[in-house]
Amino acid sequence: MDLDKLTLVQPAPTPGDTSWFRHDRFGMFIHWGLYALPARHEWIRNREMISVEDYEKYFRHFNPDLYDPAVWAKAAAGAGMKYFVVTTKHHEGFCLWDSALTDYKATNTPYGKDILHPMVDAFRSEGLKIGFYHSLLDWHHPEYSVDACHPMRINEEFIAANAGRDTSKYVDYLHGQTEELMTQFGKVDILWYDFSVGASGRFAGKGKETWRSEELISKIRGWQPDIMINDRLQIDQDVKTPEQRMPEKWVEVNGTPVVWEGCHTFSGSWGYYRDEETWKSSEQLLIMLIDSVSKGGNLLLNVGPTGRGEFDERALDRLTAMGEWMKRHSRSIYGCTQAPLEFECPDFCKYTYNPDTRTLYLHVLSWQFGGITLKGEVVKHIDYAQILSDASEIPFQINAEGNTAALKLPIKKPCNAEIPVIEIFLK
Ligand code: GLC
């Protein structure tokens, strides 16, 4: 079958422009707020049921004197990341920019300055696209009603005293801050809301009706016509966002493949967690990136900066290792997607495919020194093969029937290639 007639999965069209996103594949998530100071997870107020008053000490001591967004942006670009998404406000309600709608913001802490504009400028100057995470929840706002996730959810005195809260006033605030974020930072490429709360016991849920999601989306697209919006306003838009799991196959909605991005932490926490030790290895992280692209998706990998404003060593080590691999192997990621369905991938390998250059990438997750045999439809299309990291030829032998191709691999795993890749040029 002619190469162009093979079955290439395409995602359903979306309202926003996702072409750059589906090319770039790899982004940095940044979770940064007051929760970096207690340094034990961004949900600490919920987990330890901390009142606004008792949490105030972190506001009074927030002073990230070593914060230099140029250093962050270089670390992201060096890792091969092409966009970033930063928490403008997380569930704690603390804002990184000088919002006119609240006093609970970085400019009123000892740090005393806007954090967000310098970050946007630094990442933009490194060529990365701009994404804003914005929490729909707000455990600080005086009109945000107590719900199943609220830190005061079992404090009867607090619940009784705040029964008159008018969440619609909080939603006006949510819309107002969205307008600030959409109109004060130039072109914003992604808006990443999080999340809607289900009803539970005595507490009502908060969802698309609460947020006035339809109205909000319409306004956002007026302010930023090409923007990508995620799915967590409870109305699917431009990208589905599976979290902390690797999908078995290309993510679908009602049986239709869609644009998708998996978001993951290096360790078990989004916010800086000093004593948390479940840090994934660089090999695991690279396989997560390769696996995502092999299924037509993106990887958004999270860093939680410290209260001094730095990426910690554990994150920097992994970003550096990923960048080392991307330096020689980004051709198997950028512009790539799932291989044609007719191509059968060998065991312990992952395919990605660039349809524009008609190049197939065989990622060898476990080096097989005896060689790898490709079978079926792909065999007739193989023109030339090489090890991607050093462009050294990989000879191959096609059998008489023309349905197998034995790739002759060196005994030793290629150097400079934590995950070796065979670049296969197709005809
Ligand atoms: C989870 C976490 C939340 C984080 C989000 C990122 O929902 O609870 O803190 O911001 O994942 O997708």
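Which residue forms a salt bridge with Asp291, and how far apart are the closest N and O atoms? I looked this up first: the partner of Asp291 is Lys350, with the closest N and O atoms 2.6 Å apart, where a salt bridge is a side-chain nitrogen of Lys or Arg within 4 Å of a carboxyl oxygen of Asp or Glu.

Before going on I note that this is a predicted model, in which local features need pLDDT of at least 70 and side-chain atom pairs count only at pLDDT 80 or more, while totals for chains, interfaces and linings use all residues. Residues are numbered from 1 along each chain as its sequence is written, and side-chain values use heavy atoms, with hydrogens and water left out.

**Domains.** I read the bounds from the domain assignment, which gives domain 1 as 3–332 and domain 2 as 349–426; such bounds come from an automatic or database assignment. Taken over C-alpha atoms, the centres of domain 1 and domain 2 are separated by 37 Å. To the contact (heavy atoms within 4.5 Å) domain 1 brings 18 residues and domain 2 brings 21.

**Interface.** I then took the buried area, that is, the accessible area (1.4 Å probe) that two parts lose on being put together, summed over both. For domain 1 and domain 2 this comes to about 1900 Å², with 61% of it on carbon and sulfur atoms. Leu3, Arg328 and Arg331 supply 34% of what domain 1 buries against domain 2, more than any other three residues.

Across this interface I find three salt bridges by the rule, and eight residue pairs in polar contact, both residues at pLDDT 80 or more. A polar contact is a pair of N or O atoms within 3.5 Å; within protein, one must be able to donate a hydrogen and the other to accept it, and residues adjacent in sequence count only if both atoms are side-chain atoms. On the side of domain 1 that touches domain 2, α10 (282–294) and α11 (313–329) each supply at least two residues, and α10 gives the most, with eight; helices here are DSSP runs (H or I, at least four residues), numbered from the N terminus.

**Ligand.** I listed the residues around the ligand (a heavy atom within 4 Å), among them Phe29, His90, Tyr133, Asp194, Arg232 and Trp270. An oxygen atom of the ligand lies 3.2 Å from a side-chain N or O atom of Tyr133, and for Asp194 the corresponding distance is 3.4 Å. A polar side-chain atom of Trp270 is 3.5 Å from an oxygen atom of the ligand.
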